[in-house]
Amino acid sequence: MKQSKVLLVGGILFLMFAGVALGGTTGKISGQVFDKQSGEALPGVNVVIEGTTMGAATDTDGHFFILNVPPGLYQVEASMMGYTTLSKTEVRVNVDKTTGVNFDLQQSSIEGQEVTVVAERPIIEKDLTASQVVINSEQLSQSWVSDINEAMGQETGILIKDGMMSARGGAFVDMNYIVDGSSMNSGVVGDNYTGINRTSIQELRVLTGAFNAEYGSALSGVVDVVTREHSGRLSGDVQVRYRPSGTYHWGRYFYSNDMWDWTNFDLDYWTENDGGRPDLTPQERLSMWQDFVGNPDPIMADYNKRGEWQLEGTISGGITDNLSFMFSSRYLRGVNIYPQALKYNPEWNNQLKLTYKFNPSMKLTLSGLYGGYENAGTSKSFTHSTELGRNFIGNRGTSTQITDPYAFHKYYPFARPFNGDMEYLDLMNFSLKWVHTLSASSFYEVQAGRLYEDLEQQQDNSRFLAQFPVEYEGDNWYWADHFRNNYVLGVGQFTSLEGSPGEWLTSKTAVNSIKADFTSQVHKNHLVKTGIHFKHYDLDFESINTLYRRAKRGNLWLLMEGNPIEFAAYIQDKIEINGMVVNAGLRLDYYDPRGERPVDFWDPYATRAGAEGHPEDVPDGIFPGWENIPFRETPSRLRLAPRFGISHPITETTVLHFSYGHFNMRPAWIKILGQPYRWVKGMDDEPTPGSTPLIKMTGNSGMDANPLLEFEKLIEYEVGFDQDLAGLIRIDATLYYKEAKHLTTRGLRTATGTLTSGTNRTDAVTEIRSNSEQKGRPVLMYSNVGHRDARGVEITLETRFMRNLSVRGSYDFSQNLAGLAGWRQIYEPEMNQVDRRHAGDDAEQKWMPSHRFKLNGVLSSPETFGPQVSGWYPLGNWFINLFTEYRPGQVYTYHFPEDLSTEQNNRRWKAFYNTNLFVNKVFHISGVQPSIGIEVRNLFNYKMLSRPGGDNLENYLRTGELWTHPVSGEPDEWGWYSNQKRQVYLRLGVSF
């Protein structure tokens, strides 16, 4: 038995005997009950959560606790014979938190007397041992955000870029999104499904500190979403969001008649240029050209004539006393601000949750999710991200959209037919969760689930080729004469038709998982959680280019299939003593690719005499039966990770917290199992046995997977304090340090862009150089040679002095370092070359400072505020949410030609600034709350200047003059700015 398997079994036995936790979906209420007159603790008091079957009785010291409480607002009641019943409302419970509620009961001789008070809002969070942000459903409903990433982007230390989130200088692939205990990460390339409906969310948490041992598969952070679960009255929320048509990019409409491609190609031009059609007169050429540019494909040309709308609704409630449901649906008819190959970019997401309570101690929950999108704009997946080698195969682009008004494919029917992909995603996730309360102090949970993801990226060649067919002559193909001669004149800028019509990417992944968790309040000071989690993957991935621009067949294939497994187990103790909280835990992570690898990477087909599997009587070269050469199993990996955190109250208004943790994350499966299609030149022609082959080990671009990869590792330290100032302002300040190594992705991202200098490439690879390479091209193989460090400070100030006004401001400063440490080039032994390591400064990035300022304010008016008009209050129930973000520009290196200095990072580009606004009015009509609101993105229409390169940058730095378009020579107003123009959305909603 492998040593790792022995350790695995030992770890499982250790954890099982330790006792077996909740995957972060509920919280806890605890407190103490006293006699108001004497101050003595009261035993035997009944404490219940009204409207539920949850409750507890106080012990001899007056203590009580209620476990397994879903997040939300509750009314908690304490009652005892001879005492007035006391109820406290607006008791908020958060996931994995302990909400303290104490009662002072008044003796009474009147039976049934009851007093209701509003629970005191905690001044500071005394059980917060590591940084996290909690966003509840009420906050989401009052905000300008439309999805969970935008909600999280308002928080300290979080960066949202191109719809992807990173935390504290980490990479996008370092995050793990969890919904009701189920991970939304398929594991193939490291991306997460984020299309959760905003109105379905009860609580959203972002864990960025040294999070507890129950969370894994992440280095930078965890996003934990808990959706609504109701058993009471029927409630719902329906919203419509609409943006009118318009031109939302900077610059003029791409197809207007005053563009250069209209004004430049006049009669004088066609008199001097025949455009390859000398048989036509200048006027005929002009008419032909104007017909061409004046009749672009309407799918592309009408991009500014389509309005965008979204419909979303969530309804929940009880069907019977024991059965409750939650159903949520969203459909977005998305409209790109640029021309693209699809008319719309639709998105959809449907969620269903059914909960049946057999009795107060047993509950079964069935959850389902179906979502997806069709997209021709900026890629929504990670398959083209810099963290994964830009492209998997070929020179395929990331989208079909046109962002340059004079791009050569501006007049292509269906936009970029060959160098751009359209994405299609269907994702389904189902889970069945059983929760059994064994006693007032213990319960267990078992959850089984299946996630299925079907991702395709391909061009719509069928439509294009049906209209403009390709003809073949030998190994070459060309456009049919009717298209070349009768449709486009010879203007090279707009008639170059290059690309590969035989490209596609498909990824079909199924993840079957099961986990068991056990929670027990083993002592009034100890809440123990422990659990196990198992995953089985079914992977089928291919990225193929089978038709070059001038050839029928190419061999650019990247394939992956297999059934790898993962296992995790943890144990954690939450210790609460006199207000101090300690979280201590240990996590075990294990994965087994269950794949095969060549015995010799240099000779994967064992073509050399003496190689394992090569017949003794056959010289170097191909041999009969080469398809059956021996392979070795890919190794499994196992790693332990301790976690520790402490929250120590110094006074009633000051809490110190410290956390420390080790984190392990498996690299994406594509980096471990994905292999380019290896082929031997001449194999298709049945090579002669013994002939010397030329082995092509990789495609045009993309990376070779490495079956020997290990866990990526990170150690994080965090220390901070939480301070209340006279009940008016809360201050939270945190210092952190993160040290990561053995990375396959070194790409730290800052608020100002990627850290890497002179390149967007952030993957960590080693070059494999072999005599068998085609044309000497090296193989690029993923390897654990990346490292990065991040250190920073985060400060958050939150107002407390007004009930109808909340202001939250944050500042974070970080410095980041990324680099490569390990083998840079490895040579085949017979090449007599010396292997090379990365040489330090030439691979490392300097410490890159980053600042961010965020300000979020919500102003509301009471329902009866202002004058009354015909029974209603025009100024009542208004909500105004204003969010502003500012960050300095990107640090970069530039010296004028006459400047001989070599200082790195000597300049900083223009700052980023943005403000979003949401104004909403809510009406109350017979228990229904209609609403109307306006959402404004980029309120002040701020223009964020892009940083040019080359002569344009030098000229701008010397003169301050903006650059011109390289094709037309006119001011390049389309390319000057990197953000979008102001956009206004109308929101209509109704809640009940």
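1. Apart from residues within four places in sequence, T98 is in contact with K28, S30, D127, K574 and E576. The residue lies in strand β7, which spans residues 98-100. Is T98 buried or exposed? Its relative accessibility is 17%, and because the cut-off for buried is under 20%, T98 counts as buried.

2. For T355, the C-alpha atom is separated from that of N322 by 8.0 Å, although the two residues are 33 residues apart along the chain.

3. Helix α6 covers residues 282-294, that is, 13 residues. From its first C-alpha to its last it reaches 18 Å, close to the 18 Å expected at 1.5 Å a residue. The buried residues in α6 include R285, L286, M288, W289, F292 and V293. Why do these residues lie on the same side of α6? They cover an arc of only 165° around the axis, and this puts them on the same side of the helix.

4. Strand β42 (residues 765-769) pairs with two strands. With strand β43 (residues 779-782) it runs antiparallel, and four bridges join the two. With strand β46 (residues 823-827) the pairing is parallel, over three bridges. E767 illustrates both pairings: its bridge partner in β43 is L780, and E767 stands opposite Q825 in β46. Strands of a sheet pair through backbone hydrogen bonds, in either the parallel or the antiparallel sense.

5. An open sheet of five strands is present, in the order β10-β15-β16-β13-β14, with mixed pairing. Its edge strands are β10 (132-136) and β14 (182-183), each of which pairs on one side only. Within this order, strand β15 (residues 201-207) and strand β16 (residues 221-227) run antiparallel and are joined by six bridges. I201 has T227 as its bridge partner in β16.

6. The protein averages a pLDDT of 83, and 83% of the residues score at least 70. Where does pLDDT stay under 50? One such stretch is residues 548-555, for which the model has 31 contacts beyond four places in sequence. Another is residues 697-701, with 20 contacts beyond four places in sequence. Where pLDDT is low, the predicted coordinates should not be read in detail.

Notes:
Residues numbered from 1 in each chain as written. Predicted model: local features only at pLDDT ≥ 70, side-chain atom pairs only at ≥ 80, totals over all residues. Heavy atoms only, no water. Expected span 1.5 Å × (residues − 1). Buried < 20%, exposed > 50% of the residue type's maximum accessible area, 1.4 Å probe, protein only. Arc of directions from axis to C-beta. pLDDT = per-residue confidence, 0-100. Contact = heavy atoms within 4.5 Å. Pairing = 2+ DSSP bridges.
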